[in-house]
Amino acid sequence: MSLVVLGLPLLGCLVLALWPPGADLSPRIFGTVIAAATLLAALFMLPGLRGDDGGADTGRALNPRHEVDLPWLSVIDVRLHLGVDGISLPLILLTALLTLLGMVHNWVERPDRPALFCSLVLLLEVGALGTFMALDLVLFFAAFEVVLIPMYFLISRWGGPGAAAAALKFAVYTLAGSAALLIGLVFIYASTGSFDLVELSERGGAGISTAVQLAAFGALFVGFAVKSPLWPLHTWLPPAHTEAPTVGSVLLAGVQLKMGTYGLVRIALPVLPEGARALAPILAVLAVTGIVVAALACYTQNELKRLIAYSSVGHMGFVLLGVSTLTTVGINAALLANVAHGLITGLLFFLVGAVKSRFHTGELDELGSGLWARLPRLGFVLVFACVASLGLPGLAGFWGEAMAVYAALHPAVGLPGPLFGVLAVVAAAGAVLTAVYFLRLLRRLVVGPVVVGAGHRVQGAGSRTADIWVTERVVHVPLLLLTLALGLYPAVVLGLTEGPVAGLVEAVLAPSR
Amino acid sequence: MTVQSITWAPLAPVLVLVAGLVFVLLADLMLPLGVRRMVLPAVSAVTCLGAAGSAAWLRGGPGPPGTFCSSPGSGSASRCAYVLGDTAGFLTVVLCLAAAAVLVLALAQLRADVEGVTPAGEYCLVLLAATIGAVIVAGSRDLITLVVGLETLTVPLYAAVAFRRGSNAGPEAALTLLVVSVTSTALMLLGIGFLYGLTGTMHVDALAEVLTAGGGVGDLALADVAVVLLLAGLAFKVGAVPFHVWAPSTYQGAPIPVAAYLSSVSKAGGIAGLIVVLPAVSAGSPAAATWIALLAAVSMTVGNLVAMRQRHLVRLLAWSGIAQTGYLLVGLAVLSGRSDQALSGAGATLAYLAVYVLMTVGAFACVAAINGTSDTVATSDTATTDTGRAVSEGPSVESVRGLATEHPRIAAAFALFLIGLAGLPPALLGLFGKVVVVRAAFTGDAGWLGILVALNTVLAFVYYLRVAAALFARTGAAKESASPLATTLVGARPGRSVPAAMGVLVAALALAALVAGFWPDLIIGAAPLLSPFGE
Amino acid sequence: MHLLYPLIVSAGLFSIGVYGLLARRNVVLVLMSVELMLAAVSLNLVAFDVWLADVLRSGQVLALMVIAIAAAEVGLGLAIVLQLFRQRATSAIDDLDTLIEPDSQR
């Protein structure tokens, strides 16, 4: 089943690459069908998660289901080893869902050369799914790299005016991080002789000296930090988001950012636990700094996409704070916040895309205000998304942030308690700052008296024809509902992640080792 | 006095190539011009394929792999001058396949050359002769055979580079190549002479024995000098810094198929020579590992840094080739080191060599396809600036901007090959090649080289991406604003269609690269000497 | 005859060849210097061979090969020089500047 989920978009990508140019409707239909089929296949993986041993995950650091283990590059011990468990499946479903919604969005905003566009989007999906399903270090690295080229072309060719420079910055920054990642991975191999993640997780760092663990974890840390992004390696994100097309932004925020934090939880923590324990405080400090700095930066932003980009940095700060606590609560918080961020920020970027396509600008100065009065449905969804993003209880964003702060107050044994306590307080303050800037945005843009801003034109100003279309509703509603569902019943995700995370912490991160 | 017995079977690839060469020579005299242009390159390409096939069939087959062996006597083993073992077989297959691809490129060029400016017979003859030299180098176990093979590889290429008739650049490039090459041959022979004087033998296995014998000849300073001279000669051939100065000028002045040949077969021949010589020579000179490591590090860095400044496509590929030589030498630096993973360093180099040859021949094929027929057009397309210097004609990064709208498949293939050279997906084969090299560096106690390779990948990405992005750029305003002078100088892109032979070649190479990316065992797994860790 | 005599002669010839290679402007003289270097190397090889009294006569064999190689190289070299001379009417090596690195000073 793993091969099906991975192979479908790959096949779709190759077919679309050879599609005759000039066709407009057929590639979009084909792309949507493939994305839908992939989502279905991913959903089919849910029941199999129980496994043969009735779902008992504890005791093993990594317990994959739907496993595929084939020799691939046998001369250097690289195998095509795929598998899913509770940690990766939510992210896989999120990726498939966002890709499908992106394909549907092609009917809202038609890209030129749709066959190439859909092909690149599917290639992006292959890379993301491969990363989440990989259980072999080289396979992980290859899939991690796959997303670079499609995203570069998506930004540079279909993006805004400053796209070329933003895309190049994104590509070189990410590649530099990947170079560090490769060094770390091969370093692990040189010390252990194995690329296989299951085997390395079982070992839990036994046989790797502390110095090597520190160095390897440092290298992996840099690689994943660029991708996450972690302050101060985040500067590639705002330009990339600003210049990218809507679908590009959604996939960047909703899928690509998850790969970094997933890599930390899946690879860096289990394989190098001593390195993790040593560097966790640094990770926590940088994460919380990111939360605060991002919130402050957001407060001064006047461009919608940049604002949401910086808010992403802040959200990922919470995720990384959760990871750095090295406890079950913390890692569960991180995974939940990951999924929530994907849903909410995906929705936000779709909405901003809607605003931009109506007003042809993202600058707050030019947009005027009183959007709710002019376009009530769009205004409502925008309010919903902003409120979810600032962490209102009852919506998805709350749980991740609250649990992360709670986990920081009770970090793992061996980590400096007082430091984490201070960081928890600062993070909570950061959450308040987040509320401040989102409310500022809402006050400025959505509520209040109608002021038609300079430099825009709304077709049929004031009439409902400029409001949300049916197709856009199809894109927004699933994200809306899922955000609400996750907020009211987080066990949807936590039920999946709890078992594997408990196994991970118990088998590897418990200090009795 | 006994006459040496010759086993003919291991010589099969060489014999096939020689038969093809004689046939081409005779057919050139008898066939009319029109037929000659197509038949001769086609026959030569088929000959190379046949040689590759025979090497693949012989590899691991029955029968002794050695030939020209001295008779065993006085307790010492029988020493063979030419051995078609695992490594030699793999190298022969790679070399012949690359030569066949280059000959297909030559076919396309000759077909477009309607006035018969380039002599078809001599062109094919020269490329075949050089291939014979390369195959001899791959299988040599004896310094004399090595020298003969290396010279057979180099000397015909002087003529090949000069074949660009009607242009100033050809003979000048040939002269550069000649002078630098002969000098390096002289240096290498000096080194061989000293080694011979010290050890009394020319055979590589015997050399290893004598040099490792404790307290003996290997400890003399003269041994170190001889080794450095020998390595310098070979380093010239692969184009390592600081022996690289000839490469960009020669590649630019030569016809594009010959540039492709230089960057693939000629370089592979140099690597083959290093693989033959290094295990033996580094036994007596532990500094050899350091020398090669330094060469690798400097080549990578300098090659990538200068390539970033290049605007002329062929020159850019030449400098990137110098950087790729650095990656190739990383495996050899490990090979001459002391760790127990040493031999797998050679395996890593062989694997990366196969990947590199595929990608570079593909890239040059795309450049040739883009350039079309302007190679053989007689002269007046050389404009001069006011200082009297001729501005080099040919494809530049600017001239391929927006190629994807006219020739989408060539553009996609070109992007694939460039990204494969950079080492990124979707050209997964390039990625695996880089992983193999970095792994060899780390397991062979040369971790700093591995880190350098990873960093250089980022550097190289900048210019590979620049070209790949230009291919897919949106055209329109950019093209109109170019002045007419600029378009003439920069090389106008010829007509709508790409020659059929080139199109087929590019498609075949791209398909091979893609398939091998998903099934890397096909190419990388075939490389000998690569062993899983701990074996 | 002691081994040292031919070795010193060979070293002297090689050095003269290197000097000629680096200092001469005329292409033909450069080729002559290279020939001198190859001759020096041949002398070296033969001297070692005789001193070692090699059964396989490797040194002399390689010297014969070097003679053949040198002849081939110089034949091609002069042909290339001739073609260059026809095109550029100069045989000075400094005047060949078409292919140097763009934007670089001479």
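At what angle do helix α6 and helix α7 of chain A pack, and how far apart are their axes? The legends below take up that question and then move on to other close-up views of this predicted model.

**View 1. Helices α6 and α7 of chain A, packed side against side.** Helix α6 of chain A spans residues 148–158, and helix α7 of chain A covers residues 163–192. They pack at an angle of about 165°, and their axes are 8 Å apart. Angles over 145 degrees count as roughly antiparallel, so α6(A) and α7(A) are roughly antiparallel to each other. Their crossing is right-handed. On the α6(A) side, look for A:L148, A:M151, A:Y152, A:I155 and A:S156. Their partners in α7(A) are A:A163, A:A164, A:A166, A:A167, A:F170, A:A171, A:T174 and A:L175. Sorted by class, the residues of this contact are 11 nonpolar and 2 polar, with no charged ones.

**View 2. A:G205 in a loop of chain A.** Here you can follow the chain from α8 (197–203) to α9 (210–227) of chain A and find A:G205 in the loop between them. Is A:G205 buried or exposed? There are 28 C-beta neighbours inside 10 Å, and a residue with 20 or more is classed as buried, so A:G205 counts as buried. Leaving out neighbours within four places in sequence, A:G205 is in contact with A:Q213, A:V271, A:L272, A:P273 and A:E274. For a sense of scale, pick out A:L39, which lies 166 residues from A:G205 along the chain. The C-alpha atoms of A:G205 and A:L39 are separated by 36 Å.

**View 3. Chain A where it touches chain B.** This contact brings together 29 residues from chain A and 34 residues from chain B. On the chain A side, β1 (65–73), α5 (137–146), α6 and α7 each supply at least two residues. Which element gives the most? That is α7(A), with 11 residues. The side of chain A that touches chain B divides into 23 nonpolar, 3 polar and 3 charged residues.

**View 4. Chain C where it touches chain B.** In this view, 37 residues of chain C are in contact with 35 residues of chain B. The elements of chain C that give two or more residues to this side are α1 (4–23), α2 (27–52) and α3 (58–88). The largest share comes from α3(C), with 17 residues. By class, this side of chain C has 25 nonpolar, 7 polar and 5 charged residues.

**View 5. Chain C on its own, with 3 helices and 0 strands.** Read along the sequence, chain C follows the pattern α-α-α. Of its 106 residues, 33% count as buried. Among the contacts in chain C between residues at least 6 apart in sequence, 51% join residues at least 24 apart.

**View 6. Chain B, viewed through its pLDDT.** The mean pLDDT of chain B is 81, and 83% of its residues reach 70 or more. Over residues 373–392 of chain B, pLDDT is below 50, and this stretch has 39 contacts in the model beyond near neighbours in sequence. Residues 477–496 of chain B also stay under 50, and the model has 21 contacts for them beyond four places in sequence.

Conventions: Residues numbered from 1 in each chain as written. Chains lettered and ligands numbered in written order. Predicted model: local features only at pLDDT ≥ 70, side-chain atom pairs only at ≥ 80, totals over all residues. Axes fitted to C-alpha atoms, helices over the stretch in contact; angles between N-to-C directions. Helix = DSSP H or I, 4+ residues; strand = E, 2+ residues; numbered from the N terminus. Parallel < 35°, antiparallel > 145°, perpendicular 65-115°, else oblique. Left-handed = near helix turned anticlockwise from the far one by under 90°. Contact = placed C-beta atoms within 7 Å. Nonpolar A, V, L, I, M, F, W, Y, C, P; charged D, E, K, R; others polar. Buried ≥ 20, exposed ≤ 12 C-beta atoms within 10 Å, placed from the backbone. pLDDT = per-residue confidence, 0-100.
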